[in-house]
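Hi everyone, thanks for coming. Let me put today's structure up on the screen, and then we'll walk through it together.

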Amino acid sequence: MNSLLRHGHRLGCCLPAVQQQIHTTAVHRTFWEREKKSGYKTKLPEPSKKQLIIDGLRDLKEEMKLWRKEVREQLKSDPILVFRPGETDVVFDFKAPDVLDKWTVTSDADHGEGKSTATLELSSAGAGLFHGDVNSDHTKDGIIKRTGYANIRTKRVRKSFKRESTYDWTQYNMLIMKVRGDGRSYLINLHTEGYFDLMWNDIYHYVLYTRGGPHWQIAKIPFSKFFLSSKGRVQDRQGAIPLNRVTHFGFSVAAKKGMDGPFGLEIDYVGLEYDPSHREEFAYEMYQTPKYIVAT
Amino acid sequence: MLRRVQCLLRLHSNGRQALASRLRCYSTDEGNPKQNQNSNPNPRAQKPGTKNLPAVRNPFAAAQDRTKDTYLTMVDIFQERDVHRRNHVEFIYAALKNMADFGVERDLEVYKALINVMPKGKFIPTNLFQAEFMHYPKQQQCIIDLLEQMEDFGVMPDHEMEAMLLNVFGRQGHPLRKYWRMMYWMPKFKNLSPWPLPDPVPDDTLEMAKLALERMCTVDLRSKITVFETSELKDAIDQTWIVSGMSPEQEKLLREHSRQKALYIEGPFHIWLRNRRINYFTLRADPDPQFLSQLDERQLDEDDVSHIEVPFFGRAPPRRHNQVGKLRSVHQQDDGTILAICATGTSTKDSLLSWIRLLEANGNRSIGEVPVLFRFTSEVPAKAQEIEGGASVPATSDNRSSSQYEQQSSKRE
């Protein structure tokens, strides 16, 4: 009751001088965002200047190699133009060396907002095993209402000299995954991070239903089924995913509807395919929506 | 000018972030005033001397009989208490919070009863500015939170609810927008799963085990689910049931399995059916690397034109790769051949032993001639007597007993 009344009110009748400055509740600035993490950025200690120079020189070697490769490819000018139907091109292969360095694992415990745990490691079958425990218990601080998630995401795709780039998957229309799950449903996230702050959190989602059991399962999901959401909210203005602007790929799992407990998703590979029989561009209706109602 | 102001406002309340900000909204704690006192971070904000009494008595926390009827009666009492229905927002928040205690969190009728508490017609904006500035924001946010709770529990609203919301907030109301979004997306996702399950899932352990086995056996359509009773065997210690899934193809693989190579009973692994977790065990053989490499098409790169062999010089004419070879079964995976799956009522070693003997008795003679080894990922009791005094692995479990599983290593060995 008190917290309800206090909401939006400013601090204290006893402190009239600071009354105008201090808010007792979090301020939501809806106009612009300072950084991509929306306040969840963890400040890491900066290494010394000497260390920075050493690291920079070490990285320079690798970056030059990468750059040389890019230039060579550019000069060769031999892009793949024909994508044969029915052939899967593997993008994220867990059999490749150093594959775990390409992924970031996060959970709600990272910022003290929950108690879920998650790890990504190689299983005995040689595949990537994303496993852990999702837990919807949290500290009742009156701000966070629901927790319990774990997430893996690839690192931002980049060119040489740490320049950010995007995947170009426009030639394909299917996402192929060889997975072995535990009966839970997982969320597939395709991030299409844009330039402006409004587009930083654009993620296209779809569900990966896993059969469970000891057998591997090949999931084939058309890109047309993916829908846009931002910060976990499905957007009113929808559209097909811009496949030339995909920046990250990931999976999420949540403890929703009492599904607290261990989870395990074994991923062999994630690939792409062109299926000429699939002509759908976007699976959801594009109604003419009423003015001043949508996206408000 | 007016248009420009409107334009600015629209920018300010941009959908993406305005929606996101609704995630973080106030929670009410009328239920326990004591906790409320402690949680107040700023005691100076209160006037000294006043007791921190709750403004609204929460009838839900004090209720003795926690059923749907009591719940609806309390909503009725609140409605009929006086004509003004003071504090109805707080009442709805308290009601939402206590839904799970009454077991009504998945009941559409209850949500409708709560919306019905709101006065009709009073909150409908009458001019443009009211419509634009979220007329009666606390009330609108309250109903948005109610709809959000429905969404979380997977309760789909119906058209009567739309009519009720229209009567309360009018066409411009934010709860209506939320409702329309829900009615657009929820039916699309409701039956999306390729393995549909009853909602709620049955409480019976045997039924759950059958559902789990059926789901896992969809990989091979010829699979048959059999329910055995260990009482069929003479000297079984555990008197329980065993649900076993096996297909004719697996039976064939088992017949052809070398008598010298061991089979493994592995587990307990788990599968989730909604919020229930079922333990299962597999009967597995090591993969046959010779057979698999013979099938492996990756060894022959058909695109590689640098080594085209000339068939005329000193070699047999090329045969089409694997033209008359054996086909690979779906059960022959790279990391092992799955021969059968089972779930037992007690998940003990004895019940698994009974499973093997029952398989042998039911048409799989060869299993008696092959060594069968247990390979467990966590501790499995030998027989059912131990399970009564704090078992480590019961057959099924809901989320509450998850702490018992901490010892389990999730690697599939």
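Let's start with a quick one: in which helix is A:Glu62 found? The place to look is helix α2 of chain A, residues 49-76. Before going on, keep in mind that what you see is a predicted model.

So, is A:Glu62 buried or exposed? A:Glu62 counts as exposed, because there are 10 C-beta neighbours inside 10 Å, and the cut-off for exposed is 12 or fewer. In sequence, A:Glu62 and A:Phe161 are 99 residues apart, yet from C-alpha to C-alpha the distance is 8.9 Å.

Okay, the two chains. Chain A has 2 helices and 13 strands, while chain B has 17 helices and 8 strands. In chain A, 27% of the 296 residues count as buried; for chain B, with 413 residues, the figure is 30%. And if you take contacts in chain B between residues at least 6 apart in sequence, 73% of them join residues at least 24 apart.

Let's stay with chain B and look at some helices. Helix α5, residues 68-81, packs with helix α8, residues 108-115, at an angle of about 10°, and their axes are 10 Å apart. That angle is under 35 degrees, and α5(B) and α8(B) are therefore roughly parallel. Who meets whom there? From α5(B) we have B:Lys68, B:Tyr71, B:Leu72 and B:Val75, and they meet B:Val110, B:Ala113 and B:Leu114 of α8(B). By type, that contact has 6 nonpolar residues, no polar ones and 1 charged.

Now turn to the partner α10(B). How do α8(B) and α10(B) run, roughly parallel or roughly antiparallel? Their axes come within 11 Å and cross at roughly 180°, so the two are roughly antiparallel. On the α8(B) side you'll find B:Tyr111, B:Leu114 and B:Ile115, meeting B:Ile143, B:Leu146 and B:Met150 in α10(B). Here the count is 6 nonpolar, with no polar and no charged residues.

Next, α12(B), residues 174-190. With 17 residues at 1.5 Å a residue, this helix should span 24 Å, and the end C-alpha atoms are 24 Å apart, which agrees. The buried residues of α12(B) are B:His174, B:Pro175, B:Leu176, B:Arg177, B:Lys178 and B:Tyr179. What covers them includes α10 and α11 of chain B.

On to the cores. The largest nonpolar core has 76 residues, and B:Ala212, B:Tyr280 and B:Cys342 touch the most other members. Apart from that core lies another, of 32 residues, including B:Val110, B:Met150, B:Leu176 and B:Tyr179.

Most residues other than glycine have a negative phi, and most peptide bonds are trans. Which peptide bonds are cis here? One joins B:Asp199 to B:Pro200, with omega near -5°, and B:Pro200 sits in the loop between α12 and α13 of chain B. Another joins B:Gly267 and B:Pro268, with omega about -10°; B:Pro268 is in strand β3 of chain B.

For positive phi, check A:Ser38, near 50°, in the loop between α1 and α2 of chain A. B:Arg274 also has a phi near 50°, and is found in the loop between β3 and β4 of chain B. B:Arg274 is partly exposed, because 17 other C-beta atoms lie within 10 Å. That's me done, thanks!

Conventions
Residues are numbered from 1 along each chain as its sequence is written. Chains are lettered from A and ligands numbered from 1 in the order in which they are written. This is a predicted model: local features need pLDDT of at least 70, side-chain atom pairs count only at pLDDT 80 or more; totals for chains, interfaces and linings use all residues. Helices (H or I, at least four residues) and strands (E, at least two) are DSSP runs, numbered from the N terminus. The expected span of a helix is 1.5 Å times one less than its number of residues. A residue is buried if 20 or more other C-beta atoms lie within 10 Å of its own, exposed if 12 or fewer, and partly exposed in between; C-beta atoms are placed from the backbone. Two residues are in contact if their C-beta atoms, placed from the backbone, lie within 7 Å. Axes are lines fitted to C-alpha atoms, for helices over the stretch in contact, and angles run from 0 to 180 degrees between N-to-C directions. Angles under 35 degrees count as roughly parallel, over 145 as roughly antiparallel, 65 to 115 as roughly perpendicular and the rest as oblique. Ala, Val, Leu, Ile, Met, Phe, Trp, Tyr, Cys and Pro count as nonpolar, Asp, Glu, Lys and Arg as charged, and the others, Gly among them, as polar. A nonpolar core is a set of buried Ala, Val, Leu, Ile, Met, Phe, Trp, Tyr and Cys residues joined through C-beta atoms within 7 Å.
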